[in-house]
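Welcome, and thank you for taking a look at this structure. Please bring up the sequence and the 3D view, and we will walk through them together.

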Amino acid sequence: MIDRRQFIIRGATVAAGAGLASGLGLRTASAADTIKIGAPFNVTGALSSLDAPALNGAKLKVKEINDAGGIGGKKIDLVIYDTKSDPTVIASVASQLLGSDKVPVAMGFTDSDSVLSLGPIFQQAGVPFVTPGATSPKLPSQIGNDIFLACFGDNVQAAAGAQFIKDKLKAKTAYLLRDNSTEYTTLLAKYFEESFTHDGGKVIARNDYKSGDKSFTAQISKLKAMSEKPDVLYISAMPDDIGLIVKQMRQAGVTQPIVGGDGYDTPLLISVGGKAANDTYYSTHAFISEESTPAIDKFYKAYKAAYGTVPENAFAALGYDTAGLIADAIKRAGSEDPAKIRDAIAATKDYPGITGSITYPDGQGVPQKTVTMIGVKDEKLFLAGEVTPSFIPKP
Amino acid sequence: MSGPALSRPAGLIVFGAVLILVAAVTLALPHMVNNYLVRVVIVMCIDVILVASMGLGNGFTGVFSLGHVGFVAVGAYTSGILSLPVTMKHAFLPDLPHWLASFSLPFLPATIAAGLVCAALAAVVGAPLMRLSGYFVSVATLGFLIIVNVVLINASDFTRGARTFAGVPLQTTLPWAMGWMVVTLTVLARIAYSPFGRRFRVVREDPIAARAVGLSILPVRLSAFIVGAFFAGVGGSLYGHYLGAFSPASFYLPYTFALVSMLVIGGMGSISGAVLGVVLVTVTSEVLRNLERGLDLGVIHIPPLYGASQIVLGMMFILVMIFRPSGLMGDREVSPGLFLRRKPTGERE
């Protein structure tokens, strides 16, 4: 009979051995008949509400491709890692994907910081990486030509928001409120101001807050004390904060339309904001609803069948499109050589994604895409417009 | 010294043998295992530097500081600003003062500068804070961490604010990390087990008795705090040059708690405890992280359970705290002398 101590030691040894085995890539799935696509995502931690849907979308697309016979008879093996919203884990996973799993291409993440932690390691190895949702248009120039975005850059969505405000809402003056604690919200605010003032609009006041703040009284009272009232408010916010902001704004009697970026694209806007969310507009990647285009409707139903929940946000659709985009490039490359796959991704022209068609102009890593504007009326989302901005600020 | 005293030549031989072993591992490892495991070892070396230097203040002098990661952040940003190539400085930090923007330091001077800046900062911050004890010093140093975070976010001319500080050259290689770890552990051990280091434990065990024999508390605590901060800055520089891109959020509460748990698990009053804690927590979390992806062992198929590793790790911490409240090592040391000579009776306690 073994005593408790020995039992624990043996158990730990077996677990450690199994863990190391899987860590070193001794997984039993045969590697010869599959094509590997690396998929590091922050499934747990601060970014899970965006990354988990994106990963689910990617898994759905891979399953559809495999059910239809794969690529040239080979099935796709999505090599998934949870990177825990931690830059150290992201760097370890990057070398694991390249060293142990030897993936020829990878996709992942919905935020710029994570891509910046992983990107240089992939760039050094010459392996292409496509991010479904990190919207900083500076990423390819910061890291290199192996980095691609499957979504539009923040400069494009900010320009679309500005154009929508001028054309549809007929507004000339704006009040700009931004969260100064993240790369995304500060860049978005900067691009918005550039494009709004480019032809005639005027930002008459600015104010800051920090993600996680629970009271916006100071910002609201400053806004209400202004002698010249703005026509519209542009609020550059993260998903967790926007519901609370609109609620406090409306309670304080601020009635102007509120406009923002794809950070609003979460169920939290209406569930927290309630009636206060009415007359809010935001730019995002696609209008995910049963009343949208047939392709999105099909995705909507398939996602619901696979995961028992409707797509949480547009990142689910972006994950779906990114997996499809990479599969398309592998097919065109006709090879599993990372350099050939990179060139095939760069040459992508009019890939019919459900979030819009994707083309990389002159092989640059940021695609040209149309921007979807969504509005809230009677606590329900509706398609307010599709915008292709005429002026786009430089990244 | 709590380990048995060795005669000087024997001690030097053992130290030399350890150095040769470390050098051999450093040179051989990249050829034996893949890049992923090398990276795990680099992270372990950096964490050993940070946890051991944290242990000097938190364990040996008993001043439980939660502000250590504040110094790590200052170290990472200081060395990052100093070593960023000049062209990148113009692109990323256009508002940097001219005298900072016009030059770029190599890795080693930038790292030492980071350590010195942190030591100077620790002298200023520690002078009032090291007068506190118990919970008060923990809360006050936590306040220091929060202040560092807020300053980093708002000093955007120097740090790009909350946005990612990118473009730092990826220079933390295995020899650098190992080398700094050996330097850190040697220096810390020499200090902690010198007559001067005995004062650390005296002020921890009985401040009143210490004062009665003419030992003033503040300089003792402050010196441990400053030395700890120097190596926190060095570790921060290594970490920054390992990641290449970081933001103020990288150096905040989650990292603080990771380091504190490594220290507490290993044993707070022990340098080898710090090493053990780091190795144990890192290896366990890496193993669990690979296990939670699901396993296919032919007969048994375990589906992926993301997040399970954090739960198991948390459970382990609880168990260690129940069965070994003073950590695995307590305040004992594994010293090379153990292999050469039996412990003389009556040496400790």
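This is a predicted model: local features need pLDDT of at least 70, side-chain atom pairs count only at pLDDT 80 or more; totals for chains, interfaces and linings use all residues.

A:Asp328 has a relative accessible area of 24%, so A:Asp328 is partly exposed. A:Arg332 is partly exposed too, because its relative accessible area is 40%. These two residues form a salt bridge, in which the closest N and O atoms are 3.1 Å apart. Both lie in helix H12 of chain A, and the four residues from one to the other make about one turn of the helix.

Now turn to helix H2 of chain A, which covers residues 48-67. Here the side chains of A:Asp67 and A:Lys63 meet in a salt bridge, with a distance of 3.3 Å from N to O. A:Asp67 and A:Lys63 are four residues apart in helix H2, so about one helical turn separates them. Are these two partners buried or exposed? A:Asp67 has 59% relative accessibility and therefore counts as exposed. A:Lys63, at 53% relative accessibility, counts as exposed as well.

Another pair links strands. A:Arg178 forms a salt bridge with A:Asp208, and their closest N and O atoms are 2.8 Å apart. A:Arg178 belongs to strand E6 (residues 173-179) of chain A and A:Asp208 to strand E7 (residues 202-209) of chain A, so this pair ties together parts that are 30 residues apart in sequence. A:Arg178 has a relative accessible area of 28%, which means that A:Arg178 is partly exposed. A:Asp208, with 30%, is partly exposed also. Over all chains, the structure holds twelve salt bridges.

Next, follow chain A to helix H13, residues 338-346. Which residues of this helix are buried? They are A:Ile341, A:Arg342, A:Ala344, A:Ile345 and A:Ala346. The cover over these buried residues includes strand E4 (129-131), strand E5 (147-149) and helix H12 (314-333) of chain A. That brings us back to the helix that holds A:Arg332 and A:Asp328.

A:Arg342 counts as buried because its relative accessible area is 16%. What does A:Arg342 contact, leaving aside its neighbours within four places in sequence? The residues in contact with A:Arg342 are then A:Pro128, A:Asn145, A:Asp146 and A:Phe148.

Stepping back, we can look at chain A by its domains. Chain A is divided into domain 1 (31-152 + 293-364) and domain 2 (155-284 + 372-387). Taken over C-alpha atoms, the centres of the two domains are 30 Å apart. Domain 1 gives eleven residues to the contact, and domain 2 gives twelve residues. About 1,000 Å² is buried between these domains of chain A, and carbon and sulfur atoms give 61% of that area. On the side of domain 1 that touches domain 2, there are five nonpolar, three polar and three charged residues. The interface of the two domains has zero salt bridges, while one residue pair is in polar contact there.

Finally, let us see where chain B comes in. 37 residues of chain B are in contact with 39 residues of chain A. Together the two chains bury about 3,200 Å², with 56% of it on carbon and sulfur atoms. B:Arg289, B:Arg293 and B:Tyr306 supply 20% of the area that chain B buries against chain A, more than any other three residues.

How many salt bridges are counted between chain B and chain A? The count is one salt bridge. The side chains of A:Lys84 and B:Glu292 meet in a salt bridge at 2.7 Å, N to O. Across the interface of chain B and chain A, eleven residue pairs are in polar contact. Several elements of chain B give two or more residues to the side that touches chain A, among them helix H2 (35-60), helix H14 (271-291) and strand E1 (295-296). The residues on that side of chain B comprise 17 nonpolar, twelve polar and eight charged.

Terms used. Residues are numbered from 1 along each chain as its sequence is written. Chains are lettered from A and ligands numbered from 1 in the order in which they are written. Side-chain values use heavy atoms; hydrogens and water are left out. Buried means under 20% relative accessible area, exposed over 50%, partly exposed in between (1.4 Å probe, protein chains only). Contact means heavy atoms within 4.5 Å. Buried area is the accessible area (1.4 Å probe) that two parts lose on being put together, summed over both. A salt bridge is a side-chain nitrogen of Lys or Arg within 4 Å of a carboxyl oxygen of Asp or Glu. A polar contact is a pair of N or O atoms within 3.5 Å; within protein, one must be able to donate a hydrogen and the other to accept it, and residues adjacent in sequence count only if both atoms are side-chain atoms. Ala, Val, Leu, Ile, Met, Phe, Trp, Tyr, Cys and Pro count as nonpolar, Asp, Glu, Lys and Arg as charged, and the others, Gly among them, as polar. Domain bounds come from an automatic or database domain assignment.
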